[in-house]
Amino acid sequence: MSEMVKLTINDKELEAQEGSLLIDKLLDDGIHIPHFCYHKALGKDGNCRMCMVEIEGQKRPQIACDTPVKEGMIVRTKSEKIMSVRKDILELQLINHPIDCPTCDQAGECKLQDFYMESGFYHSRVNLDVKNHARKRTDLGSDVMLDQERCVLCTRCVRFCQEVTGTGELGVVSRADHSVIDIFPGRPLSNPYAMNVVDLCPVGALTNKDFRFKQRVWFMESFNAICSGCSKGCNIEVDHRKEKYQDDQIFRFRPRFNDDVNGYFMCDYGRLSYKNEGENRLVNATINSEEVSTDNAIAALYSEVAKNENALFLVSPNLCLEEMQNLKAFAELTNANISGYSPQYFDESFGDDYLRKSDKSANRASFKEASISEDENEFKNYLEAASLVVVFDNNYFDENLKLLDKKKVISCFSNKSNTADNSAIAIPLASFYEKCGTYINCDGIKQKVVSGINRDNPSENVTTLLETIKTMLEKGNI
Ligand code: SF4
Ligand code: SF4
Ligand code: FES
């Protein structure tokens, strides 16, 4: 490891590793440095020239993304000279830009707009009639739309497909001011991580067909969570909005940087899994297919468990650790057997050597911590002996309904399912993103999620469901 040296940035003395990139020091310390082409996951390319800084002793401004840190370096990021250079570079960037910001879905998240607002502010010297034009709406594949006119040719998208996925679908075609991003004929953007290019694009050139024009980003709120699409547990931001007279709704997932888990990216399957949250939800509690209040259904669940000597609880590997632990304690209290058997989540064709794992459940590792066995033989023995089966969000029986013949079934599910449809009692549960809890990923990393969703009529999670039983017992209501 190289040694730490002292340097001065904007009159403040700081330390950094000798030879490390100056832009990394600026970004790590939260010192504002406009940039388009540099990205920590992709490295330097030096093509946009936005990251110019003044370095004492150097005649001309230098790009911070290709400047190694040296002992005694004196750097200025916002001197008069630098502000003027940035203004000139922006003017060049905008020569052929269509200035169609009012109809651009990147508004609110566009670096070109942001940099113009802080260091541009000039009257255009280019007549709109002489601007170069290019294709405005190209479907590249994988739900990614390209507007070639808005592109600043930073090549982040090209480098992502070359360096991260190794699929190389994107390239720069034509020359000079006619250069544009494009795919090769008959070879659409098609890899399991393709939609990351939308997050990487600093402007409105690449947008996500699934999200574009659905929300103005400044109306949405975000909270940190993990993706539940597989056992990797990629870190994400959940963007949601509660519009007037409507329930809180999730509009998109975006990857959140975590060096220990997913770096900067996530897969498209996980990104689009937000849709499961709103679709096909189990909303009403039922007893023998008649709608009842949730409290009545919970009371009936307890009565059945209390009077039945051979009950089996089948638990989902997507429940949080706290829910699993509470269910384990409840099973012990009521002499029920408990199992986490859930082979249906394994899909060998899904896993790869990057982020995606063959186990498409979020929290299987917590079974061990909660002392819940997944053993197949044990599950089969418990099932054979059981006259009552209580299923907690585990879809194993959806394809194996016959195994439930002659057994009483109680379902606690967040989404509709075959199992819930064929149950004597069904109770709606909170979904993955509506509850707070702890999850352990495939590498043993424990991650806490605090939900920011604010539903009008929130469903119980397993923990609050069990608390409801406790309160009812204390009050003598069951
Ligand atoms: S499409 Fe976006 S990410 Fe790709 S080169 Fe253009 S501005 Fe950069
Ligand atoms: S790799 Fe797994 S956890 Fe990560 S985004 Fe994809 S499905 Fe979600
Ligand atoms: S970020 Fe340094 S040249 Fe583009």
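Strand E7 (residues 144–146) runs antiparallel to E10, and three bridges hold the pairing on record between them. Keep in mind as you look around that this is a predicted model. E7 and E10 belong to an open sheet of three strands, ordered E6-E7-E10.
- Pairing in the E6-E7-E10 sheet is antiparallel.
- Strand E6 (138–141) and strand E10 (206–208) are the edge strands, each pairing on one side only.
- From one strand to the next, the twist averages 35 degrees.

- Helix H9 (residues 321–333) packs with helix H13 (residues 462–474) at an angle of about 35 degrees, and their axes are 8 Å apart.
- On the H9 side, the residues that meet H13 are Glu322, Glu323, Asn326, Leu327 and Phe330.
- Their partners in H13 are Val462, Thr463 and Leu466.
- Sorted by class, this contact of H9 with H13 has four nonpolar, two polar and two charged residues.

**Around ligand 2**
- Ligand 2 has 13 residues around it.
- Cys227, Gly229, Cys230, Cys234 and Gly270 come nearest to ligand 2.
- By class, the shell around ligand 2 is made up of seven nonpolar, four polar and two charged residues.

**Aspartate 443**
- You'll find aspartate 443 in the loop between strand E21 (437–440) and strand E22 (446–449).
- Aspartate 443 counts as exposed because it has 12 C-beta neighbours inside 10 Å, and the cut-off for exposed is 12 or fewer.
- Serine 231 is 212 residues away from aspartate 443 along the chain, yet their C-alpha atoms are separated by 8.6 Å.

**The chain overall**
- Taken along the principal axes, the C-alpha atoms of the protein chain fill a box of roughly 85 × 55 × 40 Å.
- The protein chain has 478 residues, and buried ones make up 41% of them.
- Looking at contacts between residues at least 6 apart in sequence, 63% join residues at least 24 apart.

Definitions and conventions. Residues numbered from 1 in each chain as written. Chains lettered and ligands numbered in written order. Predicted model: local features only at pLDDT ≥ 70, side-chain atom pairs only at ≥ 80, totals over all residues. Helix = DSSP H or I, 4+ residues; strand = E, 2+ residues; numbered from the N terminus. Buried ≥ 20, exposed ≤ 12 C-beta atoms within 10 Å, placed from the backbone. Contact = placed C-beta atoms within 7 Å. Axes fitted to C-alpha atoms, helices over the stretch in contact; angles between N-to-C directions. Nonpolar A, V, L, I, M, F, W, Y, C, P; charged D, E, K, R; others polar. Near = placed C-beta within 6 Å. Pairing = 2+ DSSP bridges.
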